[in-house]
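User: I would like to learn how to read the helix packing in a model like this one. Please take me through it step by step.

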Amino acid sequence: MEKNKYKDLVTKHTPKENRLLNAFIAFGIGGMLGVIGELLRTFYAYILDIPKQDAGVFMTTTLIFIGCLLTCFGFFDKWVNFARCGLIIPITGFAHSMQSAALDYRREGFVTGLGSNMLKLAGSVIIYGIISAYIFGIVRFLIFGGNV
Amino acid sequence: MIYINAFLFSGLICLLGEIILDNTKLTPGHITTIFVITGSFLDIFNIYDYFVKIAGGGALVPITSFGHLLIHGALDKACDLGFMGLMMGMFDLTSTGIVAAIIFSFFLSFLFKPQN
């Protein structure tokens with residue numbers, strides 16, 4: 001009885017989210033970032049006269065730098081609250097998680113704070129990326145024999 | 001045309017993530033992990049390479065490309081050296097992203113204070 005009442009109260013006071021609008025915003029902002037990535041890639045390939053495959057690396061680095069810098073200025077958090085997956089899924093989310101952990105834990109010291117906590121949020125991406133890449137790599141290597 | 005493809009591909013991946021985030025109890029950490037695993041899974045059948053070809057930077061910006069690049073570098077080395085190459089080449093292509101993120105966030109954390 002008490003539990004049900006509590007549950008009702010919680011559902012009543014949880015702010016209703018407009019899921020359709022959220023999805024639309026994430027689609028728009030994620031798509032915009034994709035276009036910016038392609039523009040930067042073309043720009044670097046043209047300016048530096050390098051193949052497009054290497055220009056992708058420059059593009060990723062630029063986006064990571066922008067993500068870190070905007071997190072430092074403090075308004076990236078608000079943007080992430082607004083666009084949610086539109087900014088978390090692109091590589092900027094990786095930079096944002098790392099930078100915010102670095103800023104938060106710096107006051108606890110360089111080794112025990114900054115050093116051991118910097119990969120707190122981004123660590124799972126790296127760990128599971130490596131594990132899945134190793135397992136799928138073995139599968140692919142046994143079936144197709146490396147890159148064809 | 002490649003810009004439209006880039007917009008649609010990158011947007012659709014973010015849309016998928018937003019739908020998962022809104023309708024389940026998974027946190028953003030879970031979702032990025034799921035997408036990295038998906039990216040490396042799609043590379044078994046060369047599907048992600050096709051996406052990169054048609055969508056260009058739009059396929060390289062989402063976090064799925066991180067998994068794709070991990071397995072891509074590993075397989076490149078594995079062609080020459082066999083199973084040991086899987087471990088040696090794992091970071092060949094992604095090292096720039098990880099190193100850049102660590103260095104930028106380390107030095108920028110000196111210059112700025114946390115803002116709440």
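This is a predicted model: local features need pLDDT of at least 70, side-chain atom pairs count only at pLDDT 80 or more; totals for chains, interfaces and linings use all residues.

User: What are the dimensions of the C-alpha trace of chain B along its principal axes?

Analyst: The trace spans about 50 × 35 × 35 Å. Of the 116 residues in chain B, 53% are buried.

User: What share of the contacts in chain B joins residues 24 or more positions apart?

Analyst: Counting contacts with a separation of 6 or more, that share is 57%.

User: How do I read the crossing of helix 2 and helix 5 of chain B?

Analyst: Take the distance between the axes, then the angle, then the hand. Helix 2 (residues 28-42) and helix 5 (residues 64-81) of chain B have axes that come within 6 Å and cross at roughly 45°. The crossing is right-handed.

User: Which residues meet where helix 2 and helix 5 of chain B pack?

Analyst: From helix 2 of chain B, the residues include B:Phe35, B:Ile37, B:Gly39 and B:Leu42. Their partners in helix 5 of chain B include B:Phe66, B:His68, B:Leu70 and B:Ile71.

User: How many residues of each class does that contact have?

Analyst: Sort the residues by class. The contact of helix 2 with helix 5 of chain B has seven nonpolar, seven polar and no charged residues.

Definitions and conventions. Residues are numbered from 1 along each chain as its sequence is written. Chains are lettered from A and ligands numbered from 1 in the order in which they are written. A residue is buried if 20 or more other C-beta atoms lie within 10 Å of its own, exposed if 12 or fewer, and partly exposed in between; C-beta atoms are placed from the backbone. Two residues are in contact if their C-beta atoms, placed from the backbone, lie within 7 Å. Axes are lines fitted to C-alpha atoms, for helices over the stretch in contact, and angles run from 0 to 180 degrees between N-to-C directions. Helices (H or I, at least four residues) and strands (E, at least two) are DSSP runs, numbered from the N terminus. A crossing is left-handed if the near helix is turned anticlockwise from the far one by less than a right angle, and right-handed if clockwise. Ala, Val, Leu, Ile, Met, Phe, Trp, Tyr, Cys and Pro count as nonpolar, Asp, Glu, Lys and Arg as charged, and the others, Gly among them, as polar.
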